[in-house]
Amino acid sequence: MRHGKKFNHLGRTADHRRAMLANMAISLIMHKRITTTLAKAKALKKYVEPLITRSKDDSTNSRRVVFSYLQNKEALKELFGAVAQKVGDRPGGYTRIIKLGFRQGDAAEKAFIELVDFDENMLKTAKAEKKTRRSRKSAPKAEAAKAAAPAVEEAPKAAEAPAAEEAKAE
């Protein structure tokens, strides 16, 4: 019976699942974004987020605990260096899963999982000014004011033009 066993076994033995999640976590830490199936992405999120939380405290014990999961020195340096520095003030939610559709061969649902603070496109849109309904209502008024201002400036130029033509005629 499987009462109380709530995590996805992914059709693998415990050792195979542990090794696969460790390899995927290393790839995620090194490349900041990986593409996989939705089920594996959800399992990886549960696996890697506690490791990222642990990396915020850069102590010998934390490094040893994370190394026992990852077994990769380069990934450990990246996690405790650049990744921990970017997520230092974030209280959780270090990864994002975005669905990509279905795979052609077996119709498995694909997704990519990425570290939230490392997506440049999303950071650019977050920094950009968000438009609200209120700002859209005031925008036509502002554009009308801008359009009226140049029209006022052009009127004196038009008055000067006939005077310049009269001077040339004389």
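Of the 170 residues of the protein, 28% count as buried in this predicted model, and the protein exposes about 12200 Å², of which carbon and sulfur atoms supply 54%. The protein contains 6 helices and 3 strands, which run α-β-α-α-α-β-β-α-α from the N terminus on. Among the contacts with a separation of 6 or more, 55% are made by residues 24 or more positions apart.

The largest nonpolar core comprises 29 residues, and those that touch the most other members are Leu-28, Leu-44, Val-48, Ile-52, Val-66, Leu-70 and Leu-79. Two or more residues are given to this core by each of helix H1 (14–31), helix H2 (38–55), helix H3 (60–70), helix H4 (73–86) and strand E3 (109–115), with the largest share, 8 residues, coming from H1. When residues up to four places away in sequence are not counted, Ile-52 touches Leu-79, Val-83, Val-87, Tyr-94 and Leu-115.

At the start of H4, a side-chain oxygen of Asn-72 reaches to within 3.0 Å of the backbone nitrogen of Glu-74. The buried residues of H4 are Ala-75, Leu-76, Leu-79, Phe-80, Val-83 and Ala-84, and these pack against H1, H2, H3 and E3. An α-helix has 3.6 residues a turn, so residues three or four places apart point the same way. A kink of about 35° is present in H4, centred on Leu-79. The end C-alpha atoms of H4 are 19 Å apart, which agrees with the 20 Å that its 14 residues should span at 1.5 Å a residue.

Methods. Residues numbered from 1 in each chain as written. Predicted model: local features only at pLDDT ≥ 70, side-chain atom pairs only at ≥ 80, totals over all residues. Heavy atoms only, no water. Core = buried A, V, L, I, M, F, W, Y, C linked by side-chain atoms within 4.5 Å. Buried < 20%, exposed > 50% of the residue type's maximum accessible area, 1.4 Å probe, protein only. Helix = DSSP H or I, 4+ residues; strand = E, 2+ residues; numbered from the N terminus. Contact = heavy atoms within 4.5 Å. Expected span 1.5 Å × (residues − 1). Bend = angle between axes of the 7 residues up to and from the residue. Polar contact = N/O pair within 3.5 Å; in protein donor to acceptor, adjacent residues only side chain to side chain. Areas by Shrake-Rupley, 256 points an atom, 1.4 Å probe, with all protein chains shown as cover.
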